[in-house]
Amino acid sequence: MTSRTGRKQMHLAAHFPGVNNTTVWTDPRSGSQIDFGSFEHLAHTAERGLFDFFFLAEGLRLREHKGLIHDLDVVGRPESLTVLAALAAVTDRLGLAATVNATFNEPYELARRLASLDHLSGGRAAWNVVTSSDAFTGENFRRGGYLDHADRYTRAAEFVATARELWDSWAPDGTPRPFAHQGRHFRIEGEFDVAPGPQGHPVVIQAGDSDEGREFAAATADVVFTRHGSLEAGRAFYADVKGRLAAHGRAPGDLKIMPGVTVVLGDTAAEAQEKAAEIRKQQVSPQTALLTLEQVWGRDLSAYDPDGPLPDIDPDPDGAITQGRVRLGDPFAVAARWRAVAEAKGLSIRQTVIETHGRPSFVGTPQAVAAELDEFVTTDAADGFILVPHLTPGGLDDFVDGVVPLLQERGAFRTEYTGRTLRDHLGLPLPRRE
Amino acid sequence: MSSPVPTRPLHLAVAIDRPDARSAEPFARAARLAEHGKLDFVTLDDTLGPPGRGGSRLDALAVLARVAPVTRRIGLVPTVTTTHTEPFHVSNAVSTLDWVSRGRAGWTVAVSTGEAAARHFGRRDTAPAQDLWREAGEVADVAGRLWDSWEDDAEIRDAATGRFVDRDKLHYVDFRGTDFSVRGPSIVPRPPQGHPVIAVDATDPLPRAAAARHADVAYVRARADAPPAAVRAVRDELRGRAQQFGRDPGRLVVLASVPVALHAAADAVALADLVGGWYGDGVVDGFHFRPGDPDRDLPLLVDGTVPVLQHRGLLRSFYPGGTLREHLCLPRPANRYATARETA
């Protein structure tokens, strides 16, 4: 989005803390991950900060480690679309984005739920399309886990296309019209019962950095939720994905690229670095350190001391001891890298995991962070950011109070909502009716 | 007038369905009005079939989730169908409605019998209603298990051991129904009411087994000018069958579901007379009103019928409790897995 003076402005979103070890629950300020008041708090913070949208992740099966339910991270969350419908009552302009799986839902029902949210929120609904194919998750569903990995994106693409056919199915005079979709994954027909919502189509978000994920985003999505944290990687990703749009008849502004980022603020640079180090220690408890090691090694390492040295034994490349979570790359390569780090710096298991653990994306004073975020956007490494706080529910209070005003001073962020719908905030046109 | 006042409280609910729904406001207004009348709950119907004559229809559970933060006490009971939906999603959505309403959620279980709905999904043929209701009973069953799959004190946040939950208090449900299975546990912690209230329309004979086995509330549709004997017979049958399933029949609240059209204050008083009469005679435990026009009928119901019933000492004038179960005088259920673990 550009301001009246032609300056590129950023988009911001608030990610409710997830069920992984980014979220710190041992901190005394850490509140409930399930009470509605926590969702209300973060949504109010985001709206006070004039954010584009509020984002909820999804889980369809509790994670397991060594055949047991993973118990070290926050566990349990509400169903996204229902929480967002309730948040629509206590917010006015904030976009409301739900992650919903395209494998374990059906187009008619989900299109209906999303269109309902769009009506109930006055045009603020968004859908983060994710896919999965694993039999582990499928054990909770009628469909089971039979979907081939390669079919995940073809099903997701057909799912989104079908949902849009349903959202477009009403006649311009405001009456329902029959639809029929005959595809590889869905063969459905009838009449859709929800009138087109204020946005026509709810905003579609896509997360996934693989080649097929990028292609899917370029063809289909309004927003990409990416992970690229560095300026260089961000620019390369940005250029690649934006470059794919023309082939789909789309303009560069039709797709917003928003990396998920973490921010740690301090009154001085040194204080911010200290806080960041403290947070990483909280995120990697001794138990989490061992578990992370087991995920890489694919073995039971419970006999090792987290404050002692790394194991001498090699990883088991076939040791799938964690379910419901993606494994961290080639285990031999990761293990070799970790050993090198540990030896060079004389680190224990826990210290090694902390050292190699994902670092916060932006650490510094509010001034420094505002400048850095702005640089990402003005040099085309991103169109904005999805901020992932480490504390529920107050984790973005400091950012909104400290950084947002500085972004506004720079002309890098809006000073008021100029539209009512999420499409308005994102500068996305109303969809063409097919 | 000295008809004996029954010891069980009178329960009242009202449908807030309206044609051509396109925003939250009319539903919020209706629910607040019903809350002003201290009714137990509002209902909102739903189907996955084609649009009705009125035009646009919104997902009922979403509408009532949107209404939850703008109401404080009234119960919120959407219809959610079980034929083309995923039992795991249904269970999570209903328990989330309980979380966002802080213990005011219910769920009217319904099936999709029509061919039109089947074609909207394209993955199952239509089946006989009998099979669909057997499945609906299974879905209600597995939902109850999923709600119990987290014990109330499963979250421990024990920094010393690094554990957020006590995994011994999370349970696989391993449910195998006729056409589906669910492994569990739920992704949603046990909701405030333990189990949100389950309601079934038991007017037709087919749903009565599921109602007697799983429901906290059963509706029996009747016209206000019909003889009460038929309604009484259904209530007796439901209570008898509940007992056969090992339940306390007193824990099944049977409501006469009657269409109402109130044009004047006299109509509101006549409705109070009917309610008082049937209730005094022990025909039903209360009423579910279905207004023909909510904008016309609901104000008269709340400002006309309700005060008359309160004046006659039949209806409370405040909410003594906070949850829908408390309004219905139903206890918070024990957790089957906790009970099993503690007695093992």
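How many bridges pair strand β2 (residues 41-44) of chain B with strand β3 (residues 75-81) of chain B, and in which sense, parallel or antiparallel? The two strands pair in the parallel sense over 4 bridges. This is a predicted model, where local features need pLDDT of at least 70 and side-chain atom pairs count only at pLDDT 80 or more, while totals for chains, interfaces and linings use all residues. Residues are numbered from 1 along each chain as its sequence is written, and chains are lettered from A and ligands numbered from 1 in the order in which they are written.

**View 1. The barrel of chain B, with β2 and β3 in focus.** Here 8 strands close into a barrel in the order β1-β2-β3-β4-β9-β10-β11-β12 (chain B), with parallel pairing. Strands are DSSP runs (E, at least two residues), helices are runs of H or I with at least four, and both are numbered from the N terminus; two strands pair if DSSP finds at least two bridges between them. From one strand to the next, the twist averages 25°. Look for Phe41(B), which stands opposite Gly75(B) in β3(B). Helix α2(B) packs on the sheet and touches β2 and β3 of chain B, its direction making about 160° with that of β3(B). Angles run from 0 to 180 degrees between N-to-C directions, and axes are lines fitted to C-alpha atoms, for helices over the stretch in contact.

**View 2. Strand β12 (residues 286-291) of chain B and its two partners.** This strand is mostly covered, with 6 of its 6 residues buried (20 or more other C-beta atoms within 10 Å of a residue's own, the C-beta atoms being placed from the backbone). Gly286(B), His288(B) and Arg290(B) point one way, Phe287(B), Phe289(B) and Pro291(B) the other. Strand β1 (residues 11-15) of chain B pairs with β12(B) in the parallel sense over 4 bridges, and Val14(B) has Phe289(B) as its bridge partner there. Strand β11 (residues 253-260) of chain B is also parallel to β12(B), over 6 bridges, with Val260(B) opposite Pro291(B).

**View 3. Where chain B meets chain A.** In this one, 51 residues of chain B are in contact with 54 residues of chain A; contact puts two C-beta atoms, placed from the backbone, within 7 Å. Elements giving two or more residues to chain B's side are α2 (60-67), α3 (87-100), α4 (115-121) and β6 (163-165) of chain B. The largest share, 7 residues, comes from α3(B). That side of chain B divides into 30 nonpolar, 10 polar and 11 charged residues (Ala, Val, Leu, Ile, Met, Phe, Trp, Tyr, Cys and Pro are nonpolar, Asp, Glu, Lys and Arg charged, and the others, Gly among them, polar).

**View 4. Two crossing helices in chain A.** Helix α12 (residues 366-378) of chain A packs against helix α13 (residues 397-409) of chain A at about 50°, with axes 9 Å apart. Residues making the contact include Val369(A) and Leu373(A) of α12(A), and Val403(A) and Leu406(A) of α13(A). The contact residues divide into 7 nonpolar, 2 polar and 1 charged.

**View 5. Ala156(A) and its surroundings.** You'll find Ala156(A) in helix α5 (residues 151-167) of chain A. Ala156(A) counts as buried because it has 23 C-beta neighbours inside 10 Å. Leaving out residues up to four places away in sequence, Ala156(A) touches Ala102(A), Val129(A), Thr131(A) and Phe216(A).

Definitions and conventions. A residue is buried if 20 or more other C-beta atoms lie within 10 Å of its own, exposed if 12 or fewer, and partly exposed in between; C-beta atoms are placed from the backbone.
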